[in-house]
Amino acid sequence: MQRAGLRAAQLAMAIAPHARTAWVACGPGNNGGDGLEAAMHLRRWGRDVTVTWLGSEAGAPPDALASLRRAQDAGVAFAGEPPAQFGLCMDALLGIGASRPAEGRMAQWIALMNRGGAPVLAIDIPSGLAADTGCLQGPCIQADHTLTLLTLKPGLFTGSGRDAAGSIWFDDLGIAAPEAGLPEPAARLCSAPDTLQRLHASHKGTHGDVAIIGGAQGMTGAALLAASAALHAGSGRVLVGLLDGGSMGVDVAHPELMFRSVDSLDFRSMAVACGCGGGTDAVRAVLPRACSTAGRLVLDADALNAIAQDSQLQALLAARAARGAPAVITPHPLEAARLLGTSTADVQANRLAAARELAGRFNCTAVLKGSGTVIAAPGKMSAINPTGNARLGTAGTGDVLAGLIAARLATGMPAFQTACESVWLHGSAADHWPEGRALTASRLARSFSA
């Protein structure tokens, strides 16, 4: 607790070096003790600190009570209500041990911090955010910065966590994980992939064939976006099988794309991305062959909706792993809910668990899209992607991701690695998008380069 308080106070000084006044809101437990320690240091360093503490000496944990004494001895001011003005506020109300939503004075203080205009530093996790899932548990701090301690919490990186946490800082307090008695990791963060090496002595066949199957009547654009992404990501050949009766023979914007009838494509030698703009009925007719014969398979959008409605297709998908034929599914939360026979709210309530259930049920790599995309596969530690932003909330970006995954899958890369790296690249492109330039799916597809 003493280390945590010191680190929080040091970060507070770095965040708001010119703030002369600070409000430290402390809860009754050990997270409040961290805040009391931080207040003591800030006071010793010349800051005008006011602590509002919701604990009692009779009920405080021993460590928190010791920190209370240290803060009192340092001359920290205690008050029943927040100060009228403050240049910095510190959230030490709930931490990871919260069992119920904030209410009463705690809820009022959370609301005040959120609208107060001063920088907010949350200790360990923003109060009101579930550490394991990223769900909001009633009123929640919207922090500018979060100092998370001992270990990174999954909830900071998925669901509502990225909005609530602000900039995330980590300090292990100099304590190794076994010494701290921490549980086994539940997930890891995706990291930047290595650059794909393309040998001089290679040719288009070396870099793999991708088949894009989709584009039912009125939805041709979705298939073309996926195809463009696969092309710009470096596929040797990209073949497009439209499900609208063959409306196109050439895409003048991308003359490299090869349009073929779906029946003429030999899926066995290809990475097949199926479902982008497919139309549930149109794509359903193709799915038995795709699931049964495709060497490598990416299923998105309407392909997932069709599978959710058909137990035979579900069995064909799950059987692929037994013959060494990898598959990646890329549902958004509503599609995931349909596949699992549940609700979107249930999926979002525990995104890690939902992704793992998808991967286990269909024996494949599952990419549960959203803020903090979760990637899961049987026998693998799940991954959470830290890249991406709200610019991706526009039509067609999911089709682009499907094409990108197919392109990298066509090189022979393992499916789980492919999914993690593709999602990272997809989000990173949005993070580095030029200011003042609209992110559209077509521009995003052209931004990748092998």
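This is a predicted model: local features need pLDDT of at least 70, side-chain atom pairs count only at pLDDT 80 or more; totals for chains, interfaces and linings use all residues.
A residue counts as buried here when its relative accessible area is under 20%.

**Stop 1: the tryptophan pair**

Select Trp 23 and Trp 109; both are buried. Their rings make an edge-to-face aromatic pair, with 6.4 Å from centre to centre and 85° between the planes. The structure holds 2 aromatic pairs. Trp 23 belongs to strand β1 and Trp 109 to helix α4 (residues 104-115), so the pair ties together parts that are 86 residues apart in sequence.

**Stop 2**

Is strand β2 largely enclosed or largely open? Colour residues 48-53 by accessible area: 5 of the 6 residues of β2 are buried, so the rest of the structure largely encloses this strand.

Next select residues 77-78, strand β3, which pairs with β2 in the parallel sense over 2 bridges. Thr 50 is found opposite Ala 77 of β3. Helix α3 (residues 62-73) belongs with these two strands: β2, α3 and β3 make a right-handed β-α-β unit.

**Stop 3: the ten-strand sheet**

Move on to the open sheet of 10 strands, where the pairing is mixed and the order is β8-β17-β16-β15-β14-β13-β12-β9-β10-β11. Which strands stand at the edges? Select 187-189 for β8 and 258-259 for β11: each has a single partner strand, so one side of each is left without a neighbour in the sheet.

Inside that order, pick strand β9 (residues 209-214) and strand β12 (residues 271-274), which run parallel and are joined by 4 bridges. Ile 212 stands opposite Ala 273 in β12. In general, side chains of a regular strand alternate between the two faces of the sheet.

**Stop 4: the nonpolar cores**

Select Ile 213, Phe 267, Val 272, Leu 287, Leu 299 and Ile 329, the residues with the most contacts inside the largest nonpolar core, which has 52 residues. Helix α14 (residues 351-362) gives the most to this core, with 6 residues.

Centre the view on Ile 329. Leaving aside neighbours within four places in sequence, Ile 329 is in contact with Leu 299, Leu 304, Leu 317, Leu 339, Leu 358, Phe 362, Cys 364, Thr 365, Ala 366 and Val 367. Another core, of 51 residues, lies apart from the largest one; Ala 415, Trp 424, Ala 441 and Leu 444 are among its members.

The charged end of Arg 289 sits over the ring of Phe 267, 4.1 Å from the ring centre.

**Stop 5: Glu 421**

Finish in helix α16 (residues 415-431), where Glu 421 is found. Is Glu 421 buried or exposed? Its relative accessible area is 13%, which is under the 20% cut-off for buried. Show the surroundings of Glu 421: leaving aside neighbours within four places in sequence, its contacts are Pro 193, Arg 408 and Met 413.

Technical notes
Residues are numbered from 1 along each chain as its sequence is written. Side-chain values use heavy atoms; hydrogens and water are left out. Buried means under 20% relative accessible area, exposed over 50%, partly exposed in between (1.4 Å probe, protein chains only). Two strands pair if DSSP finds at least two bridges between them. A crossover is right-handed if, with the strands pointing away from the viewer, the path from the first strand over the helix to the second runs clockwise. A nonpolar core is a set of buried Ala, Val, Leu, Ile, Met, Phe, Trp, Tyr and Cys residues joined through side-chain atoms within 4.5 Å. Contact means heavy atoms within 4.5 Å. Rings of Phe, Tyr and Trp (its six-membered ring) pair if their centres lie within 6.5 Å; planes under 30 degrees apart count as stacked, over 60 as edge-to-face and the rest as tilted. A charge sits over a ring if NZ of Lys or CZ of Arg is within 6 Å of the ring centre and within 35 degrees of the ring normal.
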